[in-house]
Amino acid sequence: MTTMTLVLNDDACLKTVGDIADRLRDAASEHDSICLDLATAGNIDLSILQLIESARRNAADGGAAVTLAQPASPALAALLDRAGFLAAASPADITFWFHGELPQ
C-alpha cells in the first residue's frame, strides 16, 4: 500500500481549493492512501473542510483512504464546530478529525 503525504500550507482556502482538489485527485489516482498534513495550514476555511469531507466519502466508496497526520488543532476544531461538523459527529468522525480524542 502506498501512501502520499499532502501538506496544506497557509493558503489552504477558497482561493486555492481548486488546486488542492486537483492535487488530491492526482494523489488518489496514484496512491492507496493520502495523509493530509494540516500543521502549517492556519487559514483553513469551510471550502477546505468540505473538500476533505468529500475525499473521506470518496474513500468509503473505494477511493484512496484519507487520514490526517495530526489531530485537528484548536483553531480547526473551532471551525469544525462552527460549521456544524461536530453537532452529530460519529465515532468515525471523531477518529478522523481528532484521532479518537474529542477536545474538551
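This is a predicted model: local features need pLDDT of at least 70, side-chain atom pairs count only at pLDDT 80 or more; totals for chains, interfaces and linings use all residues.
Q: How many aromatic pairs does the ring rule give here?
A: The count comes to 2 aromatic pairs.

Q: Why is the pair of Phe85 and Trp97 called edge-to-face?
A: Rings of Phe, Tyr and Trp (for Trp, the six-membered ring) pair if their centres lie within 6.5 Å; planes under 30 degrees apart count as stacked, over 60 as edge-to-face and the rest as tilted. The centres of Phe85 and Trp97 are 6.4 Å apart and their planes stand at 80 degrees, so this pair is edge-to-face. Residues are numbered from 1 along each chain as its sequence is written, and side-chain values use heavy atoms, leaving out hydrogens and water.

Q: What makes α2 oblique to α4?
A: Start with the angle: the axes of α2 (residues 46-60) and α4 (residues 91-98) cross at roughly 120 degrees and come within 13 Å. Under 35 degrees counts as roughly parallel, over 145 as roughly antiparallel, 65 to 115 as roughly perpendicular and the rest as oblique. That makes α2 oblique to α4. The contact (heavy atoms within 4.5 Å) is made by Leu49, Ile52, Glu53 and Arg56 of α2 and Ala92, Asp93, Phe96 and Trp97 of α4. These residues divide into 5 nonpolar, no polar and 3 charged.

Q: Why are α1 and α2 called roughly parallel?
A: Helix α1 (residues 17-30) packs on α2 at an angle of about 20 degrees, with the axes 10 Å apart. So α1 and α2 are roughly parallel to each other. Here Val17, Ile20, Ala21 and Leu24 in α1 meet Ser47, Ile48, Leu51 and Ala55 in α2. That contact splits into 7 nonpolar, 1 polar and no charged.

Q: What makes β1 and β3 edge strands?
A: The open sheet has 3 strands in the order β1-β2-β3, with parallel pairing. Strands β1 (3-7) and β3 (65-68) each pair on one side only, and that makes them the edges.

Q: How do you know that β2 and β3 pair?
A: Two strands pair if DSSP finds at least two bridges between them. Strand β2 (residues 33-37) is joined to β3 by 4 bridges, and the two run parallel. For one of the partners, look at Ile34, which bridges to Val66 in β3.

Terms used:
Axes are lines fitted to C-alpha atoms, for helices over the stretch in contact, and angles run from 0 to 180 degrees between N-to-C directions. Ala, Val, Leu, Ile, Met, Phe, Trp, Tyr, Cys and Pro count as nonpolar, Asp, Glu, Lys and Arg as charged, and the others, Gly among them, as polar.
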